[in-house]
Amino acid sequence: MALTTGVKETINEMIKVQQVLRKTSPLHKMNADEKRQVLAAIDKAEETLKKMRGEVKGT
Amino acid sequence: MKIPQDRLNRYVGMKRDFAEEEYINLQPIQRGGILTEEARRAILEFGDGYSTCDWCPPKAARLDMITEPPIQSFYQDLAEFLGMDVARVVTRCREAKFIAFRMLGRPGDYVVLDSTAHYSSYIAAELAELKVKEVPNSGPPEYRVDLEAYAGKIEEVKKETGKLPAAVLLTHVDYLYGNLNDAKVVSKIAKEYSIPYILNCAYSAGIMPVSGKELGADIITSSGHKSWAASAPTGILAFNKSLEEKFTARSKIEGDLTKRKFGTKELAMLGCTVMGAPLITLMASFPEVVKRVERWGEEVEKVRYLVAELEKIEGITMRGMKPKMHTLTHMETESLYKVSETHKRKGYFLYDELRSRKIVGIQPGLTKHFKFNTYGLTWDQIRYVRDAFFDMAKKYGLKVS
């Protein structure tokens, strides 16, 4: 079931974002690599959330 | 008893004032305990109570026998990483010291320790019913422990009691000034007298390279939440083979009525020790900890840079041994104290000024002197802290050379 794994996956992606925020606090001036990491994590989380939404609606 | 809902609401949605992702936290005891990404993920998996104990082997029901998650191999890897033979994770560094004192001494025995030791070293000795003999330090400005004086103190104990101390303890890096002591000097003395040597690595192991074998320690104690990127409470007790029998002796007690026995349990550990979130974060951060100690040189470089920059502000000087060998730092700040005397917020002005610049961790109310720790900060963050102090100095008319 995508829902159970999806929840953890999404939180883990958000932890990745938070790790970058911790490293760049308080100004959060990110370099190219940090920006790429953050965007990749948001994209992945978004994709997982979409699947989760689909699964709930389909049930 | 029922607790009214409005009181229970205090425990709902608790939030920390100083989230690491919003502030630079210079708190001297917190820098080495900031969780790694892997540790934060592991909490999601193993945060529930006894979740690490799903696969506790029924015939050898003991924490260090669990192989899934790999607690058993972690204990072995932990010992090897510290250059010791055996390791146990205990609740805190102070428990590790207490266990060592309790197993090595008898009531009334002495332990010889440095005069910059943490209060918990004294209390651990007290609970183990031991007495302490302190090794002096040089006082201001360096507070250098006279390591050679351990021999004289051992002799003092021998003269006073007719026997040797139960143990000697050296604080590898002290909590007040961040002075790094040469552990080998005390090791040599302890060996000459054949006294077990405890090296308290609460502020060193986990952030900088530490090898018990190289430093000549019989016992290493450390703190997971202080220096190993783990949640509290986690302590480490590592020891050499020669002490294994004593430290891991099994329980012998028997119920007089039921005849129950607990022969698999290690007495000094009171059976199983730390499980759940604290243990799992310690384990999950371990691969990063193994790597990060190799970057210690750069950490020292960063703190030396910041200290040199802050000392450009009039009336600010570092306390402790120079050059700095550790990221925990004690600054004497007479000029900031003078500012506080006429400031409407008095001693709290410094805290306010830093907090307004998103820097926390300096104890509120202090201006004459304060401690900070730069461990793990990036170069950008180090420069940000410097700029904040320079900005503040300018605001209050302090010269910056």
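Residues are numbered from 1 along each chain as its sequence is written, and chains are lettered from A in the order in which they are written. As the model is predicted, local features need pLDDT of at least 70, side-chain atom pairs count only at pLDDT 80 or more, and totals for chains, interfaces and linings use all residues.

Colleague: Into which domains is chain B divided, and how far apart do the C-alpha centres of domain 1 and domain 2 lie?

Modeller: The assignment gives domain 1 (5-34 + 296-395) and domain 2 (37-293); such bounds come from an automatic or database domain assignment. Between the C-alpha centres of domain 1 and domain 2 of chain B the distance is 29 Å.

Colleague: Which strand gives the largest share of the side of domain 1 of chain B that touches domain 2 of chain B?

Modeller: In chain B, 16 residues of domain 1 are in contact with 22 residues of domain 2, where contact requires C-beta atoms, placed from the backbone, within 7 Å. The largest share of the domain 1 side is three residues, and these come from strand S10 (residues 328-333) of chain B.

Colleague: In the open sheet of seven strands of chain B, which strands stand at the edges?

Modeller: The order is S2-S8-S7-S6-S5-S3-S4 (chain B), with mixed pairing. Strands are DSSP runs (E, at least two residues), as helices are (H or I, at least four), numbered from the N terminus, and two strands pair if DSSP finds at least two bridges between them. Each edge strand has a single partner, so one side of it is left without a neighbour in the sheet; the edges are strand S2 (86-90) and strand S4 (131-135) of chain B.

Colleague: Why is strand S3 of chain B described as largely enclosed, and which residues cover its two faces?

Modeller: Five of the five residues of S3 (residues 110-114) of chain B are buried, so the strand is largely enclosed by the rest of the structure. A residue is buried if 20 or more other C-beta atoms lie within 10 Å of its own, exposed if 12 or fewer, and partly exposed in between, with C-beta atoms placed from the backbone. One face holds B:Tyr110, B:Val112 and B:Asp114, and the other B:Val111 and B:Leu113.

Colleague: Is B:Ala277 buried or exposed?

Modeller: B:Ala277 is found in helix H11 (residues 276-292) of chain B. Not counting residues up to four places away in sequence, B:Ala277 touches B:Ile43, B:Phe46, B:Gly47 and B:Ser231. With 22 other C-beta atoms within 10 Å, B:Ala277 is buried.

Colleague: In S12(B), which residue is the bridge partner of B:His330?

Modeller: The open sheet of three strands has the order S9-S10-S12 (chain B), with antiparallel pairing. Within this sheet, S10(B) and S12(B) pair in the antiparallel sense over five bridges. The partner of B:His330 in S12(B) is B:Lys371.

Conventions
Contact = placed C-beta atoms within 7 Å.
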